[in-house]
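Subject: Structure handover and notes

Hello,

The structure is below, followed by notes on what was found in it. Please read the notes with the model open beside them.

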Amino acid sequence: MTPIHVIGGGLAGSEAAWQMAQAGLTVVLHEMRPVRKTDAHQTDGLAELVCSNSFRSDDSEQNAVGLIHHELRQLGSLIMACADAHQVPAGSALAVDRDGFSDAVTEALTQHPNITLERGEIAGLPPSEWDKVIIATGPLTSRALSNAVLEKSGEDALAFFDAIAPIVHFESIDLNKAWFQSRYDKVGPGGTGKDYLNCPMNRDQYEAFIDALLAGDTADFKEWEANTPYFDGCLPIEIMASRGRETLRHGPMKPMGLTNAHEPDIKPYAVVQLRQDNALGTLYNMVGFQTKLKYGAQADIFRMIPGLESAQFARLGGLHRNTFLNSPKVLDGSLRLKADPRLRFAGQITGCEGYVESASVGCLAGIFTVMETSGREIIAPPETTAMGALLGHITGGHISRNDGAGKPGSFQPMNVNFGLFPPVEAPKTGEDGKRLKGKEKAKAKKRAMTDRAKVDFAAWMSDLGLQKLAAE
Ligand SMILES: Cc1cc2nc3c(=O)[nH]c(=O)nc-3n(C[C@H](O)[C@H](O)[C@H](O)COP(=O)(O)OP(=O)(O)OC[C@H]3O[C@@H](n4cnc5c(N)ncnc54)[C@H](O)[C@@H]3O)c2cc1C
């Protein structure tokens, strides 16, 4: 049988290899460590966790990442089985003994009769005689391979991002303070003239905000991260603030061309703009607010902004060196490179973020390859499920629009979160018949989302006979 080649034995590559081998395919897994190291990995183990040992919340009723845990377990995931077997106490989170976990994954894969592990870098495009390949080389993909993929995909650059801006759940923004308006009411291509949410600041609020930014704790960086240059025009806001107290007011926080719909006679001293980040309109990103402030400091400082006092963040800002594809443009719906469909991508290189998300995209890439190899139609999980919502973000859910300054909107990696799911009808009253409010209302909504996801995921598995695959 012609083997399927998987490049990269991280979270995604390990899961992809496992899913295919369990379904009876022959797999060659290529991992470059220890022959060639990355800047972050420390061992030669497969599925090494490079930083925290947490798989985050294991609550599949109230948390989107907990829901992915559930879906992966349904599919017989190796990553979840090894995590469960090497769990350490961490409250409602799933945290693991990182060495025990990585050793278990390595052993399961190397012992599998259908898998051969080859150590060594794939330093360029896979040879043409490899029929089907999954590339799961992660955020630290070796330079030779990333350059080759770049050339093949026809993109100007594999996206290397430095500082990223926070993303806020729309429903947590106070619309009694924020208002919709594009600067100078410009309609632009595909716009309405009301494409931004604007949060106004008076002079005192602006000065207090600048003080907080200048005093804010910035994250500690590894040396290789500290040496990563910033892109022009993408400086962290605290660096801009340190260049002069007025810099932000003349940059991303300029108030020009905007009239506060709630107080039309009062000219704001500064304005924070948020731009729709997904097609559903459930997520908004803070325009120009890329930052390397520590997470706790970010939440405190950004909640000083009028309208964002109760903001819930789908993603906080951060600074990473990262290699990822412009997936909505270059990949098809089953993660294949449009320019060379024998190459399928998985893991963080596709534009998801996080261990569990990477494993789940690896799981999907493996399952899609199984479907393709057996000549079946490739059917992805519905967008109402956690894996389907994440896949939707990667392969096309993100809207790419002009930012008003003439620059195209960009695709950015993301953790799974409820903002990626289509809206759901949630119960308005509790069991006692009383109207649900506040936290109870939010809980009911999340429960409705996860209940729907579980039903739809089970139906998808059943339609495709995937239970059989998981049990084998
Ligand atoms: C510094 C850093 C800290 C992070 N901290 C966290 C965290 O705390 N929590 C979290 O959830 N996520 C974290 N992430 C994100 C994390 O990397 C991903 O969540 C996850 O590891 C990505 O999985 P992956 O399988 O896509 O890539 P990886 O797990 O990185 O696996 C990719 C594998 O491919 C191999 N490889 C690369 N190029 C080649 C080649 N040319 N030939 C052969 N093999 C190759 C690498 O050696 C590696 O083993 C962090 C990322 C970085 C860079």
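A residue is called buried under 20% relative accessible area, exposed over 50% and partly exposed in between, with a 1.4 Å probe and protein chains only. This is a predicted model, in which local features need pLDDT of at least 70 and side-chain atom pairs count only at pLDDT 80 or more, while totals for chains, interfaces and linings use all residues. Residues are numbered from 1 along each chain as its sequence is written, and side-chain values use heavy atoms, with hydrogens and water left out.

R33 is buried, because its relative accessible area is 2%. Its side chain forms a salt bridge with E48, with the closest N and O atoms 3.3 Å apart; the term stands for a side-chain nitrogen of Lys or Arg within 4 Å of a carboxyl oxygen of Asp or Glu. Both R33 and E48 are in the loop between β2 (27-31) and β3 (54-57), 15 residues apart, and the pair links distant parts of the chain. Helices (H or I, at least four residues) and strands (E, at least two) are DSSP runs, numbered from the N terminus. E48 has 9% relative accessibility and therefore counts as buried.

The peptide bond from R33 to P34 is cis, with omega near 0°, and P34 is found in the loop between β2 and β3. A47, in the loop between β2 and β3, has a positive phi of about 50° although it is not a glycine. A47 is buried, as its relative accessible area is 0%.

Another positive phi occurs at D185, near 55°, again in a residue other than glycine. D185 lies in the loop between β11 and β12 (196-201), and with 46% relative accessibility it counts as partly exposed.

Other salt bridges

A search of the whole structure finds 21 salt bridges. One of them joins R56 and E357 at 2.5 Å, N to O. R56 is in strand β3 and E357 in helix α11 (residues 355-373), so that the pair links distant parts of the chain, 301 residues apart. What is the relative accessible area of R56, and what is that of E357? For R56 the value is 27%, which makes R56 partly exposed; for E357 the value is 0%, which makes E357 buried.

E425 and K428 form a salt bridge with their closest N and O atoms 3.8 Å apart. E425 is exposed, with a relative accessible area of 67%. K132, D332, R336, R344 and E372 are linked in a network of salt bridges.

Aromatic pairs

The structure holds 12 aromatic pairs. Rings of Phe, Tyr and Trp (its six-membered ring) pair if their centres lie within 6.5 Å; planes under 30 degrees apart count as stacked, over 60 as edge-to-face and the rest as tilted. The pair of F170 and F180 is tilted because the planes are at 35°, with the ring centres 6.2 Å apart. This pair links distant parts of the chain: F170 is in the loop between β10 (167-169) and β11 (179-180), and F180 is in strand β11, 10 residues apart. F170 counts as partly exposed at 24% relative accessibility, and F180 counts as partly exposed at 31%.

Y206 and Y269 form an edge-to-face pair, 5.6 Å centre to centre and with 65° between the planes. Y206 lies in helix α6 (residues 203-215) and Y269 in the loop between α8 (237-242) and β13 (270-276), so the pair ties together parts 63 residues apart in sequence. Both Y206 and Y269 are buried. F209, F289, F302 and F313 form one aromatic cluster.

A residue in α2

G66 is found in helix α2 (residues 64-74) and, at 1% relative accessibility, counts as buried.

Regards
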